[in-house]
Amino acid sequence: SPARGETQVVVESRRDGSQVQAAVTGASALGWSPSNAQLAFTSPAQASDAPFGALRVIDARSGATRTLLGGLVVAYFWSPDGRTIAALSIVLGNGGTTAAALPIAQAASPSLRLAFVDVASGTVRAERSVRLPDIVVSQFLPFFDQYAQSHRIWSPASDSIVLPLVDDAGQSHVTIVPADGSQARAIADGVSAFWSP
């Protein structure tokens, strides 16, 4: 049974009622793989109402749980093929990512780290610092798990994502960001963009 104040991520089979579970501290954001029986979730280091924390994945069949990315992951998105997760982590003023989580909307122009994580190996294939428009930070990221169901940031080929990125002059550009770490490409001015299916 969980300790006082501890919560659980529980996956129960509809077939036979068997369960697998993983302990979490505080709020968590959940997201199913589009291609297999894996559930990604954030795992805060301390109790908080904000679901920011390490990115973990639990196998719904075996119960095996792995940490894919440490720090303060604030949003993540499964690729359509289920092989990669694009994760955004907040980088706090001291350059770290492990201090107590604040709601991201309260952070003034937070520096974010975008990482592409290979789910099978846990290897970070590519990462870079990014800055998103304030409206995306305050209105999209806090609800990313809901938007991920209807708004596709991943290309259908699972090779890149589209994000509005803010440049050094403060201008926002719709940008294609390849998952392999190659050069990002701005394609238009704007603060919102999504892939067609």
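Phe116 is buried, with a relative accessible area of 1% (buried means under 20% relative accessible area, exposed over 50%, and partly exposed in between, for a 1.4 Å probe and protein chains only). The model is predicted, so local features need pLDDT of at least 70 and side-chain atom pairs count only at pLDDT 80 or more, whereas totals for chains, interfaces and linings use all residues. Residues are numbered from 1 along each chain as its sequence is written, and side-chain values use heavy atoms, with hydrogens and water left out.

A pair of aromatic rings is described by the distance of the centres and the angle of the planes. Rings of Phe, Tyr and Trp (its six-membered ring) pair if their centres lie within 6.5 Å; planes under 30 degrees apart count as stacked, over 60 as edge-to-face and the rest as tilted. By this rule there are six aromatic pairs. The ring centres of Phe116 and Trp154 lie 5.8 Å apart with the planes at 80°, so this pair is edge-to-face. Distant parts of the chain are linked by the pair, 38 residues apart: Phe116 belongs to strand S8 (residues 111–118), and Trp154 to the loop between helix H2 (144–147) and strand S10 (160–166). Helices (H or I, at least four residues) and strands (E, at least two) are DSSP runs numbered from the N terminus. Trp154 is also buried, at 4% relative accessibility. One aromatic cluster is formed by Tyr76, Phe77, Phe140, Phe144, Tyr147 and Phe194.

Strand S8 pairs with strand S9 (residues 124–130) in the antiparallel sense over six bridges, pairing being assigned if DSSP finds at least two bridges between two strands. Ala126 in S9 is the bridge partner of Phe116. Five residues lie between the strands of this hairpin, where Gly122 takes a positive phi near 80°.

One salt bridge is found in the whole structure (a side-chain nitrogen of Lys or Arg within 4 Å of a carboxyl oxygen of Asp or Glu). It joins the side chains of Arg113 and Glu127, at 2.6 Å from N to O. Arg113 in strand S8 and Glu127 in strand S9 are 14 residues apart. Arg113 counts as partly exposed at 22% relative accessibility, and Glu127 is partly exposed with a relative accessible area of 47%.

Most residues other than glycine have a negative phi. Ser158 has a positive phi, near 60°. Ser158 is placed in the loop between H2 and S10 and counts as buried at 10% relative accessibility.
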